[in-house]
Amino acid sequence: SLAPPLADALAMRADLLDALIDASAFDLPPSVAALAADFGEAEAGDDYQRLLDRVRRKVGEKRFALGVQLIEGAQDPLDVSAGLCRVAEAAIDVLARATIAEFEATHGCIAGGELVILGLGRLGGGMLTHASDLDIVYLFTGDFAAESDGRRPLGATLYFNRLAQRISAALSVPTAEGALYEVDTRLRPQGTQGPLAVGFDSFERYQREQAWTWEHMALVRARVLFGSAQAREVLEAIIGDVLHAPREPAKLTAEVLEMRERMAEHKHPKGALDMKLLRGGLVDGEFMAHCLQLRDGAGLRPDMAGALGDLAAAGLVPAALPDAFALLSRVLVASRLLAPDAAEPEGDAPKAILAKACGFGEWSALIAAIHAARAQIAQGWAGVFGQTLEV
């Protein structure tokens, strides 16, 4: 009754409660590798469809248990957020491998080519909420003019685009065990107008010659989630070169401010607990950090906590700003379950649960801390952009 998303999940699958019988259900998820080994463990009579069902079942159990941990105040919301991301990464790994094997059985392989999956947004940053979708970009290596060697051969571009479609479907299409994730591929080169998967060369050329500043801001949080060690190294070098390219500070600052104003005009806060869109909230903190990262080449890492820590250590943002951003992130993660409409919960009980989840004994103390954190982000904004934010 306190967490509508968990109630909805339980209405669809009453057996989710069974997973809570084991005391380990209140432990944080293990490493991505350990989760992937569990999700992908073969069972008698296994086939591709059963694998999809099993991954959905096990992911659902992990997500539900993490939600219970959060509303019980058993874990820091930031640890829950990181755990949710590890679960998603493991699902991506297992389903991508299984889909590739299924696809290769019909179409064969592309000599010297492989599919690589890049995570962006909260997925790239390693911190998901229960409401997060998966921001993914599909890329491939090798010669785009090559052809697969299977009984139904395909040219490389068509091959990897169809494979990417299959993986997106494996991650998002509901089965008998329910839905998994919403997959968002709009951050790919040329957005929805471009192909779903592009080669490394095309990706690099687009990022160097055509990408807008907001696309490079998104690229700051890019992280390779799937691909060989060699492909990861090449792609990370491409991204690093793009992000370290020299920029004109005044032009960069003007473009960042223009983008934030456009967002403010078209995407309004949903309520008093919309920690993302309220001025002095998480989006302002991210825009500020990304501007400094691209301008100065400092703190260039996908996780916001580490990036803000580096920027504070370099004296580019106030020393208190990383903690302020962390508090608002905790509220975001917890409120996605306890106040999914971003409005203040009605009644003392849900307020007390939300305050406890964020580390506070009283609702009034949490509200005061939120206001102080937004003021800290506003102070940082004024220092970077010379603008006053009304918070």
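Where is the place of Ala 342? In this predicted model, Ala 342 is found in the loop between α13 and α14 (348–357).

## Two residues with positive phi

Most residues other than glycine have a negative phi. Ala 342 is not a glycine, yet its phi is positive, at about 65°. Ala 342 is also buried, with a relative accessible area of 5%.

With a relative accessible area of 43%, Gln 190 is partly exposed.

## Overall fold and dimensions

The chain contains 15 helices and five strands. Its radius of gyration is 22 Å, close to the 21 Å that the globule rule gives for 391 residues, so the chain is as compact as a globular protein of that length. The C-alpha trace spans about 65 × 55 × 35 Å along its principal axes.

Of the 391 residues, 51% count as buried. When contacts between residues at least 6 apart in sequence are considered, 72% join residues at least 24 apart. The accessible surface of the chain comes to about 17300 Å², and carbon and sulfur atoms account for 52% of this surface.

## The largest pocket

The largest pocket holds about 1700 Å³ of space. Its lining consists of 44 residues, and those nearest the centre are Leu 187, Met 263, Lys 267, Lys 276 and Phe 287. Two or more lining residues are given by each of α5 (121–125), α8 (213–219), α10 (249–266), α11 (282–296) and α13 (321–338).

Helix α10 provides the largest share of this lining, with seven residues. Sorted by class, the lining of the largest pocket comprises 20 nonpolar, seven polar and 17 charged residues.

## The second largest pocket

About 710 Å³ of space lies in the second largest pocket. This pocket is lined by 25 residues, of which Pro 5, Ala 9, Arg 63, Ala 179 and Leu 180 are the closest to its centre.

At least two residues of this lining come from each of α1 (4–12), α3 (48–71) and α13. The lining of the second largest pocket divides into 13 nonpolar, four polar and eight charged residues.

Note on methods: Residues are numbered from 1 along each chain as its sequence is written. This is a predicted model: local features need pLDDT of at least 70, side-chain atom pairs count only at pLDDT 80 or more; totals for chains, interfaces and linings use all residues. Side-chain values use heavy atoms; hydrogens and water are left out. On a 1 Å grid over the protein atoms alone, a cavity is a set of points where a 1.4 Å probe fits but cannot get out, and a pocket is an open set with protein on both sides within 12 Å along at least five of seven lines; lining residues have an atom within 4 Å of a point. Grid points are joined across faces, edges and corners, and a volume is the space filled by probe spheres set on the points. Helices (H or I, at least four residues) and strands (E, at least two) are DSSP runs, numbered from the N terminus. Ala, Val, Leu, Ile, Met, Phe, Trp, Tyr, Cys and Pro count as nonpolar, Asp, Glu, Lys and Arg as charged, and the others, Gly among them, as polar. The radius of gyration is taken over C-alpha atoms; the globule rule is 2.2 Å times the number of residues to the power 0.38. Buried means under 20% relative accessible area, exposed over 50%, partly exposed in between (1.4 Å probe, protein chains only). Contact means heavy atoms within 4.5 Å. Accessible areas come from the Shrake-Rupley method with a 1.4 Å probe; for residues, only the protein chains shown count as cover.
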